Each structure stands twice: as structure tokens, then as C-alpha cells.
Amino acid sequence: MVRDTIFALSSGRPPVAIAVVRISGPVATTALQKLAGRVPAPRVATLVALKRASGVVIDDAVALFFPAPHSATGEDIAELQVHGSRAVLAAIFEELGTISGLRAAEAGEFTRRAFENGKLDLTEAEGLDDLIHADTEAQRRQALRQFKGLLGERAQHWRQRIIEASALVEAGIDFSDEGDVPGELIAPARAVIETLCVEIEQALTSAARSERLREGLVVAIAGPPNAGKSTLLNHLARREAAIVSPHAGTTRDVIEVHLDLDGFPVVLLDTAGIRDTTDPVEQEGVRRARGRAAEADLVLWLTDPMADSAVPPSESGRGGPVWLVETKSDLGGGGGRALASADARYRISVADGQGLAELTAALGQFAAAYFTFGESALVTRARQKALLETAVATLRRAGQVGEGAEEILAEELRLAAHALGRLLGKVDVEDILDKIFKDFCIGK
């Protein structure tokens with residue numbers, strides 16, 4: 001089947017100094033011939049004049065040609081590096097739109113074609129998506145490891161070993177009437193199963209934290225009304241992200257702010273002041289505040305120095321550690337020094353800056369320690385985790401199959417190999433491809 005040739009802007013939104021237009025598919029050479037008047041030598045940057053069909057020059061550009069199959073998508077690819085004005089790009093796209101067999105690319109279509117043509121597996125495609133959306137240094141490092149095939153290579157190795165074990169079991173079934181032959185074949189297969197269970201379970205140990213690295217460490221700022229939660233959020237965000245008011249109950253919903261804290265992604269939550277109230281809207285805000293605090297990786301529980309108690313109530317939840325933070329230390333004293341307590345305790349003042357440096361540094365250290373185990377993680381997405389868990393569960397069942405039930409053992413191994421095949425995108429993945437690639441930008 002002859003596929004459409006696709007084109008798109010693969011660089012930043014105009015106006016920019018230089019813009020890159022990519023064309024992928026069987027008509028890529030035709031597009032080069034019509035726009036540039038020739039097809040450059042493969043992989044040689046060539047200065048050309050791009051012209052309309054009427055002969056009017058659009059722009060001077062650098063053209064490159066990557067013939068199939070030695071290209072990013074596995075198809076013929078043309079790349080035009082042009083001056084990145086809206087007028088230049090509009091004229092180029094207008095001309096490309098007149099060429100038969102050419103159409104504008106959909107989101108993620110270049111990467112999807114690379115996947116379908118065997119240039120990368122599904123874990124590498126997910127790594128590329130994460131790399132495109134990485135906001136912090138830690139996210140970039142993790143995404144790059146995935147893009148380079150960290151998980152894919154391991155999963156392919158696991159799958160191959162399962163297939164080899166399955167071959168031994170099948171051979172044992174074929175020679176079931178040959179005395180000791182089945183036992184000699186199936187025993188090494190069982191050893192492989194046990195080893196694989198251990199290896200895959202080890203890979204799953206840091207899955208939760210590596211997933212969190214993609215999304216951000218969640219830090220909830222909670223406490224009673226007027227404790228300074230929104231003020232602290234605005235200080236850490238370095239902008240007016242939340243409304244600050246002396247009136248209790250100003251914050252009714254959960255406000256989220258994404259930060260890069262010493263290279264690590266952090267999501268700060270400003271929650272409603274927790275108190276008893278008859279206002280139904282504020283009651284809902286308090287309910288959400290308690291729920292988000294219970295699920296957070298860290299809770300900063302803020303109290304006014306004049307409050308009766310600095311201890312968070314038990315209903316605030318303890319999904320993660322709770323740091324007790326006394327605010328407005330310029331009024332109540334304290335000097336911003338860290339105090340000993342069960343978790344951590346700080347006294348701060350946004351008004352004069354007391355204790356803020358210490359608190360910010362502590363947050364950075366907490367994030368670094370939290371993500372230590374995720375830095376070399378293999379598993380970074382819920383999809384990957386679910387399929388590996390399926391593979392392990394199936395292998396465990398295979399290991400428990402008794403003698404004389406080799407057909408069941410062979411079937412369990414087939415299911416485990418199938419789960420890893422889905423992880424790599426080798427089998428039965430049409431139902432998830434659209435979901436994965438729709439998150440890519442157009443032109444990638």
C-alpha cells in the first residue's frame with residue numbers, strides 16, 4: 001500500500017530565525033524537485049532557492065535528503081531549513097499543498113511512522129515524548145535513557161529468554177514418551193522463569209518514583225485559614241499565583257504551581273484553610289484540601305505563631321511526611337532556625353525572609369533524596385508497569401505449574417511473552433497507539 005507523504009513544521013512556532021520543514025514519504029523527492037528544482041545528494045546540506053510553480057522565489061534555504069530506509073522514519077525524508085517568518089512558511093505550505101499525494105501531518109505522525117517501520121520500539125517512542133515535554137534536568141536525564149532504549153533492550157532480552165524457555169517446554173512435550181528427556185528440558189526452563197521473575201520485580205521496585213519524576217513531586221501546603229499558605233506559595237513560585245487576603249476562606253479550591261527545584265520537578269498545592277465551616281462551598285474546599293494533603297508526597301503544615309496548636313490534626317492525612325512550619329516569625333520570633341521534631345519544623349517569615357532559604361534548601365534536598373532511586377529506573381509509565389506486572393504474575397503462575405501439566409506451562413510462557421511484546425509494541429497494540437502518539441506535537 002502506498003502511503004501519503006506528510007509534511008509539517010518541525011521547529012518552534014514562528015517567527016524564528018530558522019525554521020525546519022520536514023517531508024516524509026514516497027513523494028518527498030517530488031516535493032524537492034518542484035520546490036528546489038533538484039534533489040540534493042543524500043545527507044549533504046545543499047543551498048537551494050525555493051520557488052513557486054510560477055517561478056517566483058520564496059526563500060533561499062538549506063535542503064537535505066535522507067533516502068529510505070536510512071532515515072528517521074524509515075521513509076524518504078526531505079528537510080528544508082528556511083527563514084522562519086510566517087510569510088515564508090505559509091508560502092512553502094501552500095506550494096506543498098498543491099502536490100498530489102502530499103498532506104499536512106497529524107500530531108505524532110512522524111514518530112508513529114518511525115515506530116511502524118521499526119526505527120524505534122514503543123518504549124523508545126514514549127521516551128521521546130517524555131524528552132519533548134521534559135521541564136527539568138532530572139526529567140531530561142530519565143527521558144533520554146528511555147529514548148536510548150534502556151527499558152526496550154531489557155524487555156527484548158527478557159522476551160527472548162521466555163521464548164527460549166518456551167521452546168524447551170514445547171520440546172519436552174514433543175518428547176514426553178522418551179523417559180527422562182522431558183525433565184531434562186523443562187528443568188532449565190523453570191530456572192529461567194525464576195531468574196526472570198527476580199529481574200523484572202527488581203525493575204518494578206522504583207516504578208512509582210520514576211512515574212512521579214515524570215509528573216512532579218507533590219508538596220501540599222496545608223493548615224488553618226490565614227496561616228500564610230498562599231503567601232508562601234507565591235514566594236516559592238516567584239509570582240502571584242494565589243490570591244492573598246486577610247479574610248479567612250479566600251482559597252476555596254486547590255491551586256497547583258509547577259516548579260523546577262534544583263533540577264527536580266515539584267508540584268506545589270495551595271489548599272483551602274482547614275476549619276469547621278457552614279459555607280457549603282468552603283466545606284467542599286476543605287474536603288479537597290484534606291484529600292490532596294493525604295495523597296501528597298510531602299505536607300507543609302502551616303500555623304500562625306499565635307495559634308493554639310502547631311500540630312496538624314490527624315484528618316490531614318499522612319500519605320507522606322508532614323513538616324510543621326510556623327509562619328510570621330517576624331511577629332512571633334524564632335529566627336528561622338530548624339527545630340527538632342518527629343518530622344521537621346521550621347519558622348519562617350515571608351515579610352522579612354526569615355527561614356525561607358532554609359526551608360527552600362530542605363525542599364530541594366527532600367526532592368533529591370526522593371528521586372535518588374528513580375534516577376536509574378527502567379519503568380517510567382503506568383502502561384509499562386502494568387504490562388511488566390502482568391508478565392511477572394504470569395511467570396509466577398508458570399513456576400507453580402506441576403509436573404505433567406507442561407501444556408499449561410507453555411501457555412503461561414506464551415502469555416508472558418505476549419505481555420512483553422505489548423510493552424515493546426510488537427503485538428496487539430493498535431488500541432493504545434492513538435493514545436500515545438496524540439500527545440506528540442505536530443511535526444514530531
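Modeller: Of the contacts in the protein with a separation of 6 or more, 62% are between residues 24 or more positions apart, where contact means heavy atoms within 4.5 Å. The model is predicted, so local features need pLDDT of at least 70 and side-chain atom pairs count only at pLDDT 80 or more, whereas totals for chains, interfaces and linings use all residues. Residues are numbered from 1 along each chain as its sequence is written, and side-chain values use heavy atoms, with hydrogens and water left out.

The protein has 15 helices and 12 strands, taken as DSSP runs numbered from the N terminus (helices H or I, at least four residues; strands E, at least two). Of its 444 residues, 49% are buried; buried means under 20% relative accessible area, exposed over 50%, and partly exposed in between (1.4 Å probe, protein chains only).

The largest nonpolar core holds 34 residues, and those with the most contacts inside it are Trp158, Ile162, Leu388, Leu395, Leu409 and Leu413. Such a core is a set of buried Ala, Val, Leu, Ile, Met, Phe, Trp, Tyr and Cys residues joined through side-chain atoms within 4.5 Å. Two or more residues of this core are given by each of the elements α6 (150-174), α7 (181-204), α13 (382-399) and α14 (406-424), and the largest share, nine residues, comes from α14. Leu388 shows how such a residue is surrounded: with its neighbours within four places in sequence left aside, Leu388 is in contact with Leu151, Trp158, Ile200, Leu204, Val379, Leu420 and Leu423. Apart from this core lies another, of 31 residues, among them Ala138, Leu217, Leu259 and Ile348. In soluble globular proteins, nonpolar side chains tend to be buried together.

Leu217, one of the residues of that other core, is also touched by Ala367, which reaches Phe264 as well when residues up to four places away in sequence are not counted. Ala367 sits in helix α12 (residues 356-370) and counts as buried because its relative accessibility is 0%. Although 70 residues separate Ala367 from Asp297 in sequence, the two lie 9.7 Å apart in space, C-alpha to C-alpha. Helix α12 also contains Ala361, but Ala361 is partly exposed, with a relative accessible area of 37%. Ala361 and Leu261 are 100 residues apart in sequence and, C-alpha to C-alpha, 9.2 Å apart in space.

In α2 (residues 86-96), the buried residues are Val88, Leu89, Ala91, Ile92, Glu95 and Leu96; seen down the axis of α2, they fall within an arc of 160°, so they line one face of the helix. The arc is that of the directions from the helix axis to the C-beta atoms. Arg86 and Ala87, on the other side of α2, are exposed. In α1 (residues 28-36), Ala28, Ala31, Leu32, Leu35 and Ala36 are buried, and down the axis of α1 these fall within an arc of 100°, so they too line one face of their helix. Just after α1, Gly37 takes a positive phi of about 85°.
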